[in-house]
Amino acid sequence: MIPKVINYCWFGGNPKPQVIQDCINSWKKFCPDYEIKQWDESNYDINKNSYTKAAYDSKQWAFLTDYVRLDILYQHGGIYMDTDVKLIKSLDLLIQKGPFMAFEQRGRVNTGVGFACEPGNLIVQENKRYYEEHSFNDNKGKFNPGICVKITTEILERHGLNYKEDATQTIGDFTVYSSDYFSPKKMGTNKVNLTSNTFGIHLYASSWYKGNSVVRNIKYRLIPLKEFIKYNILKRKLYE
């Protein structure tokens, strides 16, 4: 069984904005019998490997979390959600059906919007190992990681995912749910298309982001996968 633990990461020690507090309160409201566990510098080894150390040292909390959430669920099992995901109903039904991830839109499976498994899941292990076995330094030696949705989606594609269809699919022991389950909100707008499938709403609060909000919105419009190279060029400019 998937443990009834909702995990989230909060590295850097900054105060949580109200929108983040509201999202966490929604977890408590709809999942009152779940443990909610924060992972930060006090209970996670940020020097665990070269990726986590580089991400932490460069204060790129979102990229650090991309790996940490995989590691946490591989070791302990449970549920992971980014802190800007607001629940609108209990997760009981989903975890009873087994491990899951979800599309945030066509071509993009995002482990941050809603992700659950038991300890030792092999697909999660494969995703985690990608970070452990690859170098993320550019030709100038600067830490320049790839975005998690590209990495995860490509791994799932090797296991049979049709990333061109934003539709619920079974991949190994995972169910990859369509975007309306956790991402009914379109990035860069206030448009929300709730369906009977919707369990949560990814608000795209991007509390980790320090750049221009207009540019932030643009990066989420660069799809499908063949467009990720454009995003990486944009990201380098943002962090230089």
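This briefing describes two helix pairs, α2 with α3 and α5 with α6. The model is predicted, so local features need pLDDT of at least 70 and side-chain atom pairs count only at pLDDT 80 or more, while totals for chains, interfaces and linings use all residues. Residues are numbered from 1 along each chain as its sequence is written, and side-chain values use heavy atoms, with hydrogens and water left out. Helices (H or I, at least four residues) are DSSP runs numbered from the N terminus.

**Helices α2 and α3**

- Helix α2 covers residues 50-57 and helix α3 residues 61-76; their axes come within 8 Å and cross at roughly 155°. Axes are lines fitted to C-alpha atoms over the stretch in contact, and angles run from 0 to 180 degrees between N-to-C directions.
- The two helices are therefore roughly antiparallel (an angle over 145 degrees).
- Their crossing is left-handed (the near helix is turned anticlockwise from the far one by less than a right angle).
- Tyr51, Thr52, Ala55 and Tyr56 of α2 make the contact with Trp61, Phe63, Leu64, Asp66 and Tyr67 of α3; contact means heavy atoms within 4.5 Å.
- Seven of these contact residues are nonpolar, one is polar and one is charged (Ala, Val, Leu, Ile, Met, Phe, Trp, Tyr, Cys and Pro count as nonpolar, Asp, Glu, Lys and Arg as charged, and the others, Gly among them, as polar).

**Helices α5 and α6**

- Helix α5 (residues 122-133) packs against helix α6 (residues 148-158) at an angle of about 130°, with the axes 10 Å apart.
- The crossing of α5 and α6 is right-handed (clockwise).
- From α5, Ile123, Glu126, Asn127, Tyr130 and Tyr131 meet Cys148, Ile151, Thr152, Ile155, Leu156 and Arg158 of α6.
- The contact residues of this pair divide into seven nonpolar, two polar and two charged.

Definitions and conventions
Parallel < 35°, antiparallel > 145°, perpendicular 65-115°, else oblique.
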